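Please walk through this structure from single residues out to the chain as a whole.

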Amino acid sequence: MAEFFGFLGDANRLRILSLLAQQELCVSDLAAVLNMSESAVSHQLRNLRAMRLVSYRKQGRNVFYRLHDSHVLHLYQAVAEHLDEQE
């Protein structure tokens with residue numbers, strides 16, 4: 001678990017997960033929104049796939065990424081909700 005949560009400590013990975021929590025996107029769309037190179041986004045997506053946080057589907061020549069499953073979405077939403085709480 002320490003490795004998993006440490007992996008999520010990267011701001012760019014969290015930004016990608018945040019966008020994918022809203023909708024499925026391709027590398028070029030993610031790169032444009034995040035103001036990152038497609039190469040950098042692809043590298044992060046490869047890491048996120050290795051940790052089973054995102055998955056993809058091919059449609060013709062396009063590859064669309066999404067959160068791997070509802071567990072990832074619920075984890076993301078729970079952390080975001082926790083951080084938004086005011087004491």
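A residue counts as buried when its relative accessible area is under 20%, as exposed when that value is over 50%, and as partly exposed in between. The model is a predicted one, and the cut-offs can be applied to it residue by residue.

Take Ser55 to begin with. This residue lies in strand β2, which covers residues 54-59. The relative accessible area of Ser55 is 15%, so Ser55 is buried. Which residues does Ser55 touch, not counting those up to four places away in sequence? They are Phe64, Tyr65, Arg66, Leu67 and His68. Strand β3 spans residues 62-67.

Asn62 is also found in strand β3. With 42% relative accessibility, Asn62 counts as partly exposed, whereas Ser55 is buried. Asn62 and Tyr76 are 14 residues apart along the chain, and their C-alpha atoms are separated by 26 Å.

Leu30 sits in helix α3. Is Leu30 buried or exposed? Its relative accessibility is 0%, and Leu30 therefore counts as buried. When residues up to four places away in sequence are set aside, Leu30 touches Ile16, Leu19, Leu20, Leu25, Val41 and Leu45. Among these contacts, Ile16, Leu19 and Leu20 can be looked up in helix α2, residues 11-20, while Val41 and Leu45 can be looked up in helix α4, residues 38-50. Leu73 and Leu17 are 56 residues apart in sequence, yet their C-alpha atoms are 8.8 Å apart in space.

Asn35 is found in the loop between α3, residues 27-34, and α4, residues 38-50. What is phi of Asn35? The value is positive, about 55°, although Asn35 is not a glycine. Asn35 has a relative accessible area of 73%, which makes it exposed. Arg52 is found in the loop between α4 and β2. Phi of Arg52 is near 60°, again a positive value in a residue other than glycine. At a relative accessible area of 61%, Arg52 is exposed.

Now for the whole chain. The protein chain has five helices and three strands. Read from the N terminus, its elements run α-α-β-α-α-β-β-α. The radius of gyration is 13 Å, close to the 12 Å that the globule rule gives for 87 residues, so the chain is as compact as a globular protein of that length. The C-alpha trace spans about 45 × 25 × 20 Å along its principal axes.

Of the 87 residues, 29% are buried. Among contacts with a separation of 6 or more, 46% join residues 24 or more positions apart. The accessible surface of the protein chain comes to about 6100 Å², and carbon and sulfur atoms account for 49% of it.

The last stop is the largest pocket. Its volume is about 290 Å³. Which elements give two or more residues to its lining? They are α1 (2-7), α2 (11-20) and α5 (70-84). The largest share of the lining, six residues, comes from α5. In total, 14 residues line the largest pocket, and Leu8, Leu14, Leu75, Tyr76 and Val79 lie nearest its centre. By type, the lining divides into twelve nonpolar residues, one polar and one charged. Tyr76, one of the residues nearest the centre of the largest pocket, is the residue whose C-alpha atom is separated by 26 Å from that of Asn62.

Notes
Residues numbered from 1 in each chain as written. Predicted model: local features only at pLDDT ≥ 70, side-chain atom pairs only at ≥ 80, totals over all residues. Heavy atoms only, no water. 1 Å grid on protein atoms, 1.4 Å probe; cavity = no way out; pocket = protein on both sides within 12 Å on 5 of 7 lines; lining within 4 Å. Points joined across faces, edges and corners; volume = space filled by probe spheres on them. Helix = DSSP H or I, 4+ residues; strand = E, 2+ residues; numbered from the N terminus. Nonpolar A, V, L, I, M, F, W, Y, C, P; charged D, E, K, R; others polar. Rg over C-alpha atoms; globule rule 2.2 N^0.38 Å. Buried < 20%, exposed > 50% of the residue type's maximum accessible area, 1.4 Å probe, protein only. Contact = heavy atoms within 4.5 Å. Areas by Shrake-Rupley, 256 points an atom, 1.4 Å probe, with all protein chains shown as cover.
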